[in-house]
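Please keep the sequence and the model in view while reading.

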Amino acid sequence: MGLSASAPWLAYYGNTPASLDYPHKTMYQLLAATAKQYPNNTAYIFQGKETTFASFMKRIEAAAKGLYHMGIRKGDKVTICMANTPQALDCFYALNRIGAIPNMIHPLSAAKEIAFYLNFSKSKAILTLDQFYNKVASISGELENPTQILIAKIADELPFPLNLLYPMTKGGHHPLPKQGYKLWYTMVAEGKNAVLPKHDGKADDCAAILYSGGTTGTTKGIMLSNLNFNALGLQTIAASGFGSVAGMKMLSIMPVFHGFGLGIGIHTALIGGATCILVPQFSVKVYSDTLLKHKPELIPGVPTLFEALLRAEALEKADLSFLKGIFSGGDSLPPELKKKVDAFLKEHGCKEQIREGYGTTECVTASCLTPKDYARSGSIGVPFPDTYYKIVTPGTTEEVAPNTEGEICVSGPTVMLGYMDNPEETANTLRRHYDGRIWLHTGDLGHMDQDGFVYFRLRMKRMIITSGYNVYPSQLENIIDGYEKVLLSCVIGVKDTYRGQKVKAFVVPMPGIEPTEELKQEILDYCSSHIAKYAMPRELEFRTELPKTLVGKVAYRVLEEEANAALEGI
C-alpha cells in the first residue's frame, strides 16, 4: 500500500498514541460529558467575566429552548454572523443540541455576500451583533426564503460596570429600530417553558457549514460532521503532548467562523476542559494586554498573529514563561519569521518554540503538527493520529517517492462530508484511491521525507510565470524575510508585456528601520545573491503593513489587484 500506509512518522510521536477512540457522540454530547467531569472549571472568559462549564450548559439549554420555540428544527440551517462572543458559543452548541446546523460566516462580510450565504444555505434565521443589523436588514429584498433576524449585544455579556459603560464608548451604541428583528435574550426568555425533544444526533450528521475557496477558488460550503470536530479536538490534544489540557487557558483569538478558530480555539479547548479566553476583535494592543492579564498557556494562531508579537511594545520587557504551547497554522509560516519569533520567545523567558501545523477547512483545520521534540526546519510536522498523508502526481492518484514534490492528499476522520449541493466538486476533491481509502486532494504542493515529515510548498494556483519560468512566491518571501532588516514580505506577479509577468515584492521593514532607497538596494543586493536572475524582483515597494484576509493571512490577491489596476491606469 506504499509509504502512506506504513506511517513512518509514528517513530516520532513520543508519548502521542498512534490511534485514538472516537466516541459516537455529537459535539453537544462530548461537551456535556466534559462539563459533567469539570463542572466548576471556567469554560470561557469574556472581557473579564468568567462562565463555568455548569453555567455554560444551562445557557446552551436555554438557548436551545428559545430557538426551538422560535421554530428551528432538526436539519434547519441558522447563520451565525458573529465575533467571538458568548452568544456565538451558546448558539453554536444550542443548534447542535436540537440537531440544527450552524452556517458560519464572517460578520464583516459585505451585504451581498451575506445574502449569498443566507440563500445558499436556505437559513431560517441569522444571529448577528447590533452593529451589523442595518447591513443584514438591507438585503431583505434579496432573500429567497423567510429569514428571522436575531440580534445580540456585546454589552449584555459584560460584567458590571462595563455593561453600563460600553454603550457610551466609541462604537458601543448602535440604535435599533422598533421592529424587524428579535433580541437574543428576548428569544431565550420566550423559550423558557419549551419542551425540547430528546437529543438523538449522530456522529456522522452534518454539524456545521464553513466556507472556503477550495482548490478552484470559488466559494463552496463545506459540510463538516460531529465526528470531524470531535476527532479534531481529540487528535489535537493528543498531538500536543500535554496528555490533558484541563484547567489550562487558551487564547481564542482566531475567529469563530473559521475552522482554526472554531475547531481548535473553541471546540478543542472546551471538550478538553480548558478555558477559552474570547477575544472579539484583534489588535496588537488587545493581544498584548490579554496575554499579560490572563497568561494563557496555549496560543493557536496564524503567522501574522506571531509577527504581531514582535511589534507589541507592551511585551518588550514581558515575562512569557507561562506559554506552554504556541501553534501556527492557517497559512505557511515563513522559516525566517519562525526564527525571529522563537528568538523573541526565548529572550522573554519562554522555553517553547512555535510548532507549525497544516490543514484545510475541508478537514476542519489542522491535520498535521510538528512533534514536540522533533522539529525539522521547513517542515509542517507529521500527521495526526489516525490520519494519513500521501503525495501524488498532480491530477492523478499515483503516489510519488519520498522527497518528490506533488499534491498533498489527506485521509482520516476529520475529512469533510463534502461540498454542499456541489457533487461535481466533491467528486474532484474526495477520491477513492487504489488502497480503498477516501483521500482529500488539497490542491497544495509539497513533499514528504522518508520519515514521514511533511513539507508544504504552496497552493498550486499561486505561481508566477515570468519569461516561461515558474517562480514560487513563497520561496522568494522566505529569502527576503531572511534579511535582518525585514519583518515581513509578500511577492506577487504583475502583468508585463515582455515577460508575461514580472516579480514585485512588498516589504515591511523591522520596527525602527526607515524605508529608504538605500535599504531597498540593500535588500535587492541580498536577493541577487540568493535568487536566480529570472526570479529577481523587478520592483520593490515598502509598506508599513500588508493587507490581511478576514482570517489574518496576508492578502496577496489584494496586492495583485492593486498592482495590476495601477498598471492599467484604473
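## Helix 13

In this predicted model, helix 13 covers residues 335-347. Just after helix 13, glycine 349 adopts a positive phi of about 85°.

Several residues of helix 13 are buried, namely Glu336, Leu337, Lys338, Lys340, Val341, Asp342, Phe344 and Leu345. The cover over these buried residues includes two helices, helix 12 (303-309) and helix 15 (473-481). Strand 13 (325-328), strand 14 (354-359) and strand 25 (486-496) are also included in that cover.

## Aspartate 76

Aspartate 76 lies in the loop that runs between helix 3 (53-70) and strand 3 (77-81). Is aspartate 76 buried or exposed? Its relative accessible area is 13%, and the limit for a buried residue is under 20%; aspartate 76 is therefore buried.

The side chain of aspartate 76 reaches the backbone nitrogen of arginine 73 at 2.8 Å. When residues up to four places away in sequence are not counted, aspartate 76 touches Gly71, Ala100, Ile101 and Lys124.

## Aromatic pairs

A pair of aromatic rings is described by the distance of the centres and the angle of the planes. How many aromatic pairs does a search of the whole structure find? The search finds 16 aromatic pairs. One of them joins tryptophan 9 and tyrosine 388: the ring centres are 6.1 Å apart and the planes stand at 65°, so this pair is edge-to-face. The pair links distant parts of the chain, 379 residues apart. Tryptophan 9 belongs to the loop between helix 1 (3-6) and helix 2 (27-37), whereas tyrosine 388 belongs to strand 17 (residues 388-392). Tryptophan 9 counts as buried, at 1% relative accessibility, while tyrosine 388 is partly exposed, with a relative accessible area of 21%.

Tyrosine 12 and tyrosine 374 also form an edge-to-face pair, with 5.3 Å from centre to centre and 85° between the planes. This pair likewise links distant parts of the chain, its members being 362 residues apart. Tyrosine 12 is in the loop between helix 1 and helix 2, and tyrosine 374 is in the loop between strand 15 (366-369) and strand 16 (382-383). Tyrosine 12 counts as buried at 18% relative accessibility, but tyrosine 374, with a relative accessible area of 36%, is partly exposed. Elsewhere, ring pairs link Tyr44, Phe56, Phe92, Tyr93 and Phe229 into a cluster.

## The chain as a whole

The chain contains 17 helices and 27 strands. For 570 residues, a compact globule would have a radius of gyration near 25 Å; the chain has 24 Å, which agrees. Along the principal axes, the C-alpha atoms fill a box of roughly 75 × 55 × 50 Å.

Of the 570 residues in the chain, 56% are buried. Among contacts between residues at least 6 apart in sequence, 70% join residues at least 24 apart. The accessible surface of the chain amounts to about 23800 Å², and carbon and sulfur atoms account for 52% of this surface.

How values were computed
Residues are numbered from 1 along each chain as its sequence is written. This is a predicted model: local features need pLDDT of at least 70, side-chain atom pairs count only at pLDDT 80 or more; totals for chains, interfaces and linings use all residues. Side-chain values use heavy atoms; hydrogens and water are left out. Helices (H or I, at least four residues) and strands (E, at least two) are DSSP runs, numbered from the N terminus. The expected span of a helix is 1.5 Å times one less than its number of residues. Buried means under 20% relative accessible area, exposed over 50%, partly exposed in between (1.4 Å probe, protein chains only). Contact means heavy atoms within 4.5 Å. A polar contact is a pair of N or O atoms within 3.5 Å; within protein, one must be able to donate a hydrogen and the other to accept it, and residues adjacent in sequence count only if both atoms are side-chain atoms. The radius of gyration is taken over C-alpha atoms; the globule rule is 2.2 Å times the number of residues to the power 0.38. Accessible areas come from the Shrake-Rupley method with a 1.4 Å probe; for residues, only the protein chains shown count as cover. Rings of Phe, Tyr and Trp (its six-membered ring) pair if their centres lie within 6.5 Å; planes under 30 degrees apart count as stacked, over 60 as edge-to-face and the rest as tilted.
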